[in-house]
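Me: I'm new to this one and would like to go through it slowly. Could you start with the words I'll need?

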Amino acid sequence: MSTTTATPPASTPPAAETPPRAGLGDAIRTWWEGLSRPAQWAVGVPAIIALALLPLFPPSFLDTPNYNFGLVMAEFAMFALIAIGLNVVVGQAGLLDLGYVGFYAVGAYTVGLLTSPNSPWNQTDGGWLDPSWAWLACLPLAILVTAVSGLILGSPTLRLRGDYLAIVTLGFGEIVRLLADNLHELTNGSLGLSGVAYPHIGESEEKPNGVFSAGNTGDPDSANLLDRASYGTYWFWFGLAMVIIVLLIVGNLERSRVGRAWVAIREDEDAAEVMGVPAFKFKLWAFTIGAAIGGLSGAIYAGQVQFINPTGFNIINSMLFLCAVVIGGQGNKLGVIFGAFIIAYLPKRLTSVNLVDSESTGYLWLGVTVVVFVGLLVLWKFRGGQLLGWARTLTISAMVFTGVMSALLLGSVLLFRQGGAQSLGDLKYLYFGIALVVMMILRPQGLFPVRQKLLAYGRQVYQAVRRSTVGEPIGEGK
Amino acid sequence: MTTTVSAGALLAAGSIGFDYQAVIDQFWRLTVDGITYGSIYALVAVGYTLVYGVLRLINFAHSEIFMLGMFGQLIGLMIFGFTAGPDAYNQGVVLTVVYLGLAMVVGMLVSGSAAVGLERVAYRPLRRRGAKPLAFLITAIGMSFVLQEFVHFLLPKIDPDLGGANAQQPIQLVTPSVQFSFAGADVTNVAILIVVAAVVLALLTEILINRTKFGRGIRAVAQDPDTATLMGVSRERVIMLTFLIGGVLAGAAAMLYAVKIPPGIIYSGGFILGIKAFAAAVLGGIGNLRGALLGGLLLGVVEQYGQILLGIEWRDVVAFVVLVAVLMFRPTGILGESLGKARV
């Protein structure tokens, strides 16, 4: 290779180099990894409970006035499941899957075909499924069917190189949608399947169809938390439970032999193969597990919306799911959940943002922010290296702030209608597209990048290391 | 009850036809139509194949370059004083060809500059940083979103007649009319225009790549970037030129496509065609110029046969199935993948 790596850095002693700054993220990570398992649960359970209670007491800065906040959170839970599943494929095994929406569709259509009155395969009407538990029975079936479809798609295609695989999976995703559109006898074509089953739980006088039905609007003034929750909130709780179960399973897989094999394949497939990792087998596993999680999410979607049609499974959704994984940080389970939150929540939140009162002030503010942004960019380009400490942090935050503000203002101006309404949620693809490009150039590892860490016996090792060097991040003290 | 209905019986019953007699009856008509579509696919496929040959990168946003070309030629026609309407202008052969040629030049300018701009803005910073191949693909998807939404939302602000959520009202210069019949197949003036234009452009590209100094540079970089750089070939210039050629051909294809399917001009109109053109490039052997041309024609024809055989709604499925099948059984395509070795 180049000669610079061969020469020992004799002239510059290691101590003279500025150590990589350990940010807040690293501090939290180190702290978390140093905790024992019960301590992690002691922190995690209250955090999860707080998250679960969020839709009941929505803080005003988070609330989505135009949408039911519980439903938005339910969508977030579904997207989080998808992001975790796609993360197994893209983040952990390094296989770019652009047709993930296909698995989501297979899961949704499994439930829809078995329980919708429009479907010839409907089993709830005198078949072997009883309407009261049909959806719950279909959930494992949907997971199974999608896992098998992942296996069927994966076994011929996983021998392809990375970018070819991306295009083939893209084709698969589109084929699934076209099948759903064209097999009219089965799927009712573009009219879709309506009346899909949902869980009938908690049926009472006021809620004749149970708490999961769309009729349950919740009582925001009730003191009883269970009465307060609308059906969206119940779906959010269910989704959250599923997310936690899947996280536990995937986390254990990640720390096991399978997870180590995935990392090896992702980093260098040939080297992994030489070291005795059966690459194809583990790639197929990743594909199948990812598909099954996508199917689970699809089944939840079908139950919640109670209606599925092909346009809900457009290929652009695949790209959106990929956005969640890439923005959150490929390979980092909690990062991609945050990415899913952005994807699900921001478009809904942005619809109720009114930044400007008139078009001309919008242009004025847009001009100001763009000029400031460009000015900061030029400053960064020529003087960036000299900025230290707080000045550096301030410049970066100001750049991010003005950049985001100019994008939002541009959107407000573009979509400005009479009366001051600006539905910025419509521009989500523009914003996510810009985010993807900027991300890949400036921070390809995502907002919350995954760190290489010890997988097997990691906890014990981190605790042992931590005990001897209290207060120092891992890897600093030798 | 319904459980006894097997999937196969159900499919055979209605959703998928298998009308091979129709294919035999209409063989020549389908072939002519297929070659017309195939010429357009071939021109777009060249863009994919050249960029892949030089950079080993699937330029996913190429479909949006094509889409911009459709709007570019529309703007060109608007500049020349034509307005959108249900009626065609029909000004005689010479004037029509001249105006279409000028519109094509505008489309080529828009697409070509968009392709070069795309390379500058999105890909060059990544190359400088030595990013992983997946980063390029994800960037391309992001740019694809950005360009689509640009036409969807920003273009109507600049000119209320352009862009927006709905398909563009087309400007028609010619009505398709049958010129002559060939073995029972009617050949329209539109088909002649498309095929002739595509053949001329393909020949020009072939000469440019295989007979000129620029082309030698492109082939050299495709074969071995490091050695080519040592021999005095500017890699950055070659990459820019490659994107430019691909973009210009996509712009030309966009004009031809707009003549063939006037209501096809919409912000999302590039996606499916882009995938098909990519399938064509893979079919012929990605990275291989002649492969892209051959693959485009083959895919166009196969798609026509398939759509009559199985039913018109399966048309897009045929293209995807061809793509998957080629990648599974012969990933290097019909002519094999190499731009560098195509001709010394």
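Reply: A residue is called buried if 20 or more other C-beta atoms lie within 10 Å of its own, exposed if 12 or fewer do, and partly exposed in between, with C-beta atoms placed from the backbone. This is a predicted model, in which local features need pLDDT of at least 70 and side-chain atom pairs count only at pLDDT 80 or more, while totals for chains, interfaces and linings use all residues. Residues are numbered from 1 along each chain as its sequence is written, and chains are lettered from A and ligands numbered from 1 in the order in which they are written.

Me: ok, so is B:R56 buried, exposed or partly exposed?
Reply: B:R56 counts as partly exposed, because it has 15 C-beta neighbours inside 10 Å. B:R56 sits in the loop between α3 (27–55) and α4 (62–79) of chain B, where helices (H or I, at least four residues) and strands (E, at least two) are DSSP runs numbered from the N terminus.

Me: and what is the phi of B:R56 like?
Reply: The phi of B:R56 is positive, about 55°, although this residue is not a glycine. Most residues other than glycine have a negative phi. A:N188 also has a positive phi, near 65°, and lies in the loop between α7 and β1 (193–194) of chain A; A:N188 is buried, with 21 other C-beta atoms within 10 Å.

Me: switching topic, how do α13(A) and α14(A) pack?
Reply: Helix α13 (residues 315–328) and helix α14 (residues 333–350) of chain A pack at about 130° with their axes 7 Å apart, the axes being lines fitted to C-alpha atoms over the stretch in contact and the angles running from 0 to 180 degrees between N-to-C directions. The two helices α13(A) and α14(A) are therefore oblique to each other (under 35 degrees is roughly parallel, over 145 roughly antiparallel, 65 to 115 roughly perpendicular, and the rest oblique).

Me: which residues make that contact?
Reply: Among them are A:L320 and A:C323 of α13(A), and A:G335 and A:F338 of α14(A), where contact means that the C-beta atoms, placed from the backbone, lie within 7 Å.

Me: how many residues does each chain give to the contact between chains A and B?
Reply: Chain A gives 37 residues and chain B gives 38. On the side of chain A that touches chain B, α6(A) gives the most, with 11 residues.

Methods: Contact = placed C-beta atoms within 7 Å.
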